[in-house]
Amino acid sequence: MVPSPADPRALSGKAPKSGGPVAAERIADLAAASRILAAQNVVDGFGHVSVRHPSAPERYLMARSIAPALVTPDDIIEYDLDSNPCNADGRSSFLERFIHGEIYKARADIQSIVHSHSPSVIPFGLVGVPMQAMFHNAAFIAAGVPVFDIHEKFGATDLLVRDAPKGVALAEVMGDKDIVLMRAHGSVACGPTLQSAVFRAVYTEVNARLQTIALGLGGPVNYVSPEEGALRDKNPGEEGRAWDGWKEKAMRK
């Protein structure tokens, strides 16, 4: 990463201070999350997942810029919430890490974030059909899914959240929701744990496929209601079971 000239660290050459050591098991789970998302076809060569530092909420952890299916614990970098690396050691950072830093700043309740370009989700950021919850595993979608259109505030861009102002704008549109679509780009799924964020990213993609099928069948669709979604999301139940199965499969490769 080349620091911005506006960043004091660009002048001092100093990296931000680490939030402290993180258990090897947590680092391994973050690396596994990248591989799970790749195995579940939520990410391909692009996309990333992060987790807030367990003992320093003003820091987060994310892999270096690498294909998600290849992430190992040695690839994990710690960042401050301005998305400056604490321990890059020559490793490159994802250009769109500002998605993570700015959402963590805005939402103290969020502990993990997934950014992806899963193909079935992208059309819902382009048309006037809102994404709605289709079934119990995607009940979290019933709370609402806003769409971030980067053009509205920044005009013509390369559609990437490549700096803090764009990350702030994305977080503002997301508001108190846990899923936000990005027009002509992808989506962000967040959760109170790493496992829940991964679960939501996977089932947002599944939900998009099911909604497209249902709409194609014609007639009204009996979506999961916000009340049903709220009740279900309080007791999702299957996150741990899904994580264990996905992790075993992803790490077997």
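Let's start with strand E3, residues 76-80. Five of its five residues are buried, so the strand is largely enclosed by the rest of the structure. One caution before I go on: this is a predicted model.

Ile76, Glu78 and Asp80 point one way. Ile77 and Tyr79 point the other way. Both sets are buried, the acidic residues Glu78 and Asp80 included.

Who pairs with E3? Strand E2, residues 59-63, does. The two run antiparallel, over five bridges. For a landmark, find tyrosine 60, which stands opposite tyrosine 79 in E3.

Next, strand E6, residues 179-182.

Take strand E5 to begin with, residues 147-148. E5 pairs with E6 in the parallel sense, over two bridges. Valine 147 has leucine 181 of E6 as its bridge partner.

Then there is strand E7, residues 186-191. E7 runs antiparallel to E6, and four bridges join them. Here valine 180 stands opposite valine 188 of E7. So much for the pairing; now the connection. E6 and E7 make a hairpin, with three residues between the strands. Check alanine 184 in that turn: its phi is positive, about 55°.

On to the helices. Two packed helices are described by the angle between their axes and the distance between the axes. Our pair is H2, residues 24-39, and H6, residues 194-217. Their axes come within 11 Å. The crossing angle is roughly 5°. Angles under 35 degrees count as roughly parallel, and H2 and H6 are therefore roughly parallel to each other.

Which residues make the contact? From H2, they are Asp29, Leu30, Ala33, Ile36 and Leu37. From H6, they are Leu194, Gln195, Val198, Ala201 and Val202. By class, that contact has eight nonpolar residues, one polar and one charged.

Last topic, the cysteines. How many disulfides are there? The count comes to zero. Cysteine 86 has a relative accessible area of 14%, so it is buried. Cysteine 190 is at 0% relative accessibility, so it counts as buried too.

Key: Residues are numbered from 1 along each chain as its sequence is written. This is a predicted model: local features need pLDDT of at least 70, side-chain atom pairs count only at pLDDT 80 or more; totals for chains, interfaces and linings use all residues. Side-chain values use heavy atoms; hydrogens and water are left out. Two strands pair if DSSP finds at least two bridges between them. Buried means under 20% relative accessible area, exposed over 50%, partly exposed in between (1.4 Å probe, protein chains only). Axes are lines fitted to C-alpha atoms, for helices over the stretch in contact, and angles run from 0 to 180 degrees between N-to-C directions. Angles under 35 degrees count as roughly parallel, over 145 as roughly antiparallel, 65 to 115 as roughly perpendicular and the rest as oblique. Contact means heavy atoms within 4.5 Å. Ala, Val, Leu, Ile, Met, Phe, Trp, Tyr, Cys and Pro count as nonpolar, Asp, Glu, Lys and Arg as charged, and the others, Gly among them, as polar. A disulfide is a pair of cysteine sulfur atoms within 2.5 Å.
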